[in-house]
Amino acid sequence: MLDAFRQHIAKTHSQLSDRAGIVACSAGIDSVVLAHLCAAIGLNFSLAHCNFLLRGEESEEDERFVKDLAKELNVKLYSTRFETKAYASEHRLSIQMAARNLRYQWFDELLKKNELSWVLTAHHLDDTLETFLINLSRGTGLEGLSGIPEKNNKVIRPLLPFTREQIEEYAGLHNISWREDLSNEDTKYLRNKIRHEVVPALKELHPTFLSNFSNSLQYLSGSADMLSDYVKGLREDLFVPYHKGYKISLEELNKLQPVESYMYEIFKPYGFTSWADVTALLSAMSGKEVHSKTHRLIKDRKHLILQEFPKQGPVGEADEIPEVTGDLPLEIRIEEVEEIKEKNNTILYIDKETLNHKLTVRKWKKGDYFYPLGMEGRKKVSKFFKDEKMDAVAKQNQWLLCCGDDIVWVIGRRADDRFKITEKTRNILKVTLAE
């Protein structure tokens, strides 16, 4: 296995020989063998061990074992401890996801702080098969069937071409010791059940099952890459920049068949999971929305509108405008002028004497009304938006200039009649929305 590992590194990950990095080591057989292999081929590495404080004295023994291993291999050790249960509770995560997040966050910190270039983890071919079966059982697209990526930014998994059997054989031949995590034997966990019951049955059915699986995985991975390139081009054609997001033609989307598959591939990078709801937007009423944790997809008359959730405060929260400038959501200039000159939708002239409160800028909220310039009586802002045929995104991005509770200007669209310039006006304020 050593020769095969050396050749694999030279062919696929030659950068490991030129720079220093870390090998993640749990004390289990996979990571311990990886550390020995890296030492045998002369890589410049340190060990990195996480104590998740989940298994009492067993966790303490694991930590001591890795310290001894670092001394045996004559390499530096980075070690840390995490209150994993508290972190999981605080962030509403499973213990497994909490441990994973903590682990990789710490790896990133180690790389930056110590100017290191890579992290090696000990995932192997059997792990890939288990992940494949887990994803298959839960339902997934092609990317979920393409296996664990051998490289993900600075995280590299150089044992992926090798089997658990090869790793165990190497450990035996070189009298390598390791520690067993008894929790890996508990079949109440899905991965363990697949590892101990499903995978052995598959290997028994066909003696070259793992080798055949590895070949199939290469084909699937290649197909996934081709599909990814195609869909990337499709997005470039379909996505039209719009209000800090994109609008996508419903007519063009409906030409894609099977549309459910296209919707999944086009919008999956944005975190959506309710794919039946996403596809249903194609025939939904205008205004219908589907949300992910980071984005929303909105049905408009002839388009779907994709937007990242706005990062400003809640609707109705006001940002005070000082006399001329300030920390504003928009760049607005206020100045006194002698007369009215240029006019366009980015300029408003108001009678200074009509202002009895500070000017503020905020988003509209339910129940807002104003007195549109040139009309008699008041109108709800929501009704004004409807008459203007504004879509949901335009409404969300519309700001109001207010004086106290009164709306002075639906910015860029309509002024309020109560603040207009008249024959009695003595002081004119010019409000300019900067481009």
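Start by selecting Asn 153, which is exposed with a relative accessible area of 66% (exposed is over 50% relative accessible area, buried under 20% and partly exposed in between, with a 1.4 Å probe and protein chains only). Asn 153 sits in the loop between strand S5 (151-152) and S6; helices (H or I, at least four residues) and strands (E, at least two) are DSSP runs, numbered from the N terminus. Its phi is near 60 degrees, a positive value in a residue other than glycine. Most residues other than glycine have a negative phi, and most peptide bonds are trans.

This is a predicted model, in which local features need pLDDT of at least 70 and side-chain atom pairs count only at pLDDT 80 or more, while totals for chains, interfaces and linings use all residues. Residues are numbered from 1 along each chain as its sequence is written, and side-chain values use heavy atoms, with hydrogens and water left out.

**Backbone stops**

Glu 115 is not a glycine, yet its phi is positive, at about 55 degrees. This residue is exposed too, at 72% relative accessible area.

Then select Gln 257 and Pro 258: the peptide bond from the former to the latter is cis, with omega near 0 degrees. Pro 258 belongs to the loop between helix H10 (250-254) and H11.

**Helix H7**

Select Arg 164, a residue of helix H7 (residues 164-173). Arg 164 counts as buried because its relative accessibility is 17%. Leaving out residues up to four places away in sequence, Arg 164 touches His 124, Asp 126, Asp 127, Glu 130 and Arg 195 (a contact means heavy atoms within 4.5 Å).

Gln 166 is also found in helix H7. Is Gln 166 buried, partly exposed or exposed? Its relative accessibility is 31%, so Gln 166 counts as partly exposed. With residues up to four places away in sequence again excluded, Gln 166 touches Met 1 and Pro 161. For a distance label, pick the C-alpha atoms of Gln 166 and Leu 227: these residues are 61 apart along the chain, and the atoms are separated by 33 Å.

**Strand S2**

Select Ser 46 in strand S2 (residues 45-51). Ser 46 is buried because its relative accessible area is 11%. Its contacts, not counting residues up to four places away in sequence, are Gly 21, Ile 22, Val 23, Lys 76 and Tyr 78.

**Aromatic rings**

Show the rings of Phe, Tyr and Trp (for Trp, the six-membered ring); two rings pair if their centres lie within 6.5 Å, with planes under 30 degrees apart counted as stacked, over 60 as edge-to-face and the rest as tilted. The structure holds 14 aromatic pairs. One of them is Phe 5 with Phe 162, a tilted pair at 6.4 Å centre to centre and 50 degrees between the planes. Phe 5 is in helix H1 (residues 2-12) and Phe 162 in the loop between strand S6 (155-156) and H7, so this pair ties together parts 157 residues apart in sequence. Both Phe 5 and Phe 162 are buried.

Tyr 264 and Trp 275 make an edge-to-face pair, 4.9 Å centre to centre with 70 degrees between the planes. Tyr 264 lies in helix H11 (residues 259-267) and Trp 275 in helix H12 (residues 275-280), so the parts tied together are 11 residues apart in sequence. For a cluster, select Phe 52, Phe 82, Tyr 104, Trp 106 and Phe 107, which are linked by ring pairs.

Two rings have a charge over them (NZ of Lys or CZ of Arg within 6 Å of the ring centre and within 35 degrees of the ring normal). The charged end of Lys 363 is over the ring of Trp 399, 4.6 Å from its centre. The charged end of Arg 378 is over the ring of Tyr 369, 3.9 Å from its centre.

**Cysteines**

How many disulfides does the structure hold? There are zero, a disulfide being a pair of cysteine sulfur atoms within 2.5 Å. The sulfur of Cys 50 has its closest cysteine sulfur in Cys 25, 11 Å away, too far for a bond. For Cys 402 the closest cysteine sulfur is in Cys 403, at 8.8 Å, also too far for a bond. Cys 402 is buried, at 0% relative accessibility.
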